[in-house]
Amino acid sequence: LVVGYQQAKLQHARAERTTDRAVQVIDEIYGHFAPNPVVSTQFDSQLEGELEPSSLEQMPISANTALLLEGLLSFYDDFAEESHDSDAVIAKAVSANRRVGDIHRRLDQRDEARLSYLRAIDRIEGLPESHQQRLEIRLELARIYNGLGLSMMRSAWENSRERLAAHQQAVDLLDRPDATPMEQFELATSLYLLHTAEWRLQRVARWRQRRRGDVEVLKSNAKSHLQKAKEILTSLTHNVESEQYQLLLARCLLADADTLCQVCDEE
């Protein structure tokens, strides 16, 4: 009986090592074709100043890349069932789904990007509440909502409100009194994107001669969100030297200056 137990334990340990190695291989493939944008960010002028992951610029991206990575997503589900540490695998699966959406968006395949982001959201919403409250999952969900908002950047007026809602979802997830520095940085990113979406929408609303009250609310909200982003980043840069923090703060200051110039032009 003891021998049988020891053999079963040995086989279980061997299966765990095999699963861990398989997950590592899949992660390496994802890391090669779709590096995680948490590592580095830049501002892509081709996307009119939106935050974009510079790591995706390190190698050519094609539609086949996205298809390849999509085909690997199901492996994460299999590994999660077999792994002794399914929480870690689930977090990686969520990140993988989001990065597929990022690639589609970089290829200007906005419908495909939207579907990838929505699948990732469904994946998270299907998790137990204890999993959803994990820091890694909350951060990934916020990034997914921001990606979803960016995928609607050039959409029609009717979808502009959806873009605002997506970025607001990211803000709501991260705006916590006990937020870590990483969450605070993602919150500042989300606030910046929300500001950008609101400012653009109010200009379109003015051009379409929408109600003045709606325009003023959008302008006020945009100003408030940008100010909060600057406060968060100023606090972060005082405590930690980070190129990411400084870069986003500089972008917020530029956005503030651009806003002032546009207001002067209107007057």
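**Surface, helices and a histidine**

Guide: The chain exposes about 14,200 Å², and carbon and sulfur atoms supply 52% of that area. Areas like this come from the Shrake-Rupley method with a 1.4 Å probe, and for residues only the protein chains shown count as cover. Bear in mind that this is a predicted model, where local features need pLDDT of at least 70, side-chain atom pairs count only at pLDDT 80 or more, and totals for chains, interfaces and linings use all residues. Residues are numbered from 1 along each chain as its sequence is written, and side-chain values use heavy atoms, leaving out hydrogens and water.

Visitor: What makes histidine 225 count as buried?

Guide: Buried means under 20% relative accessible area (1.4 Å probe, protein chains only). Histidine 225 has 15% relative accessibility, so it counts as buried. Across the chain, 45% of the 267 residues get that label.

Visitor: Which residues does histidine 225 touch?

Guide: Contact means heavy atoms within 4.5 Å. Not counting residues up to four places away in sequence, histidine 225 touches Gln168, Leu191, Leu194, His195 and Glu198. Histidine 225 itself sits in helix H9, residues 212-239.

Visitor: Why is H6 called largely enclosed?

Guide: Because 15 of its 17 residues are buried, H6 is largely enclosed by the rest of the structure.

Visitor: How many helices and strands does the chain have?

Guide: Ten helices and two strands. Helices (H or I, at least four residues) and strands (E, at least two) are DSSP runs, numbered from the N terminus.

Note on methods. Buried means under 20% relative accessible area, exposed over 50%, partly exposed in between (1.4 Å probe, protein chains only).
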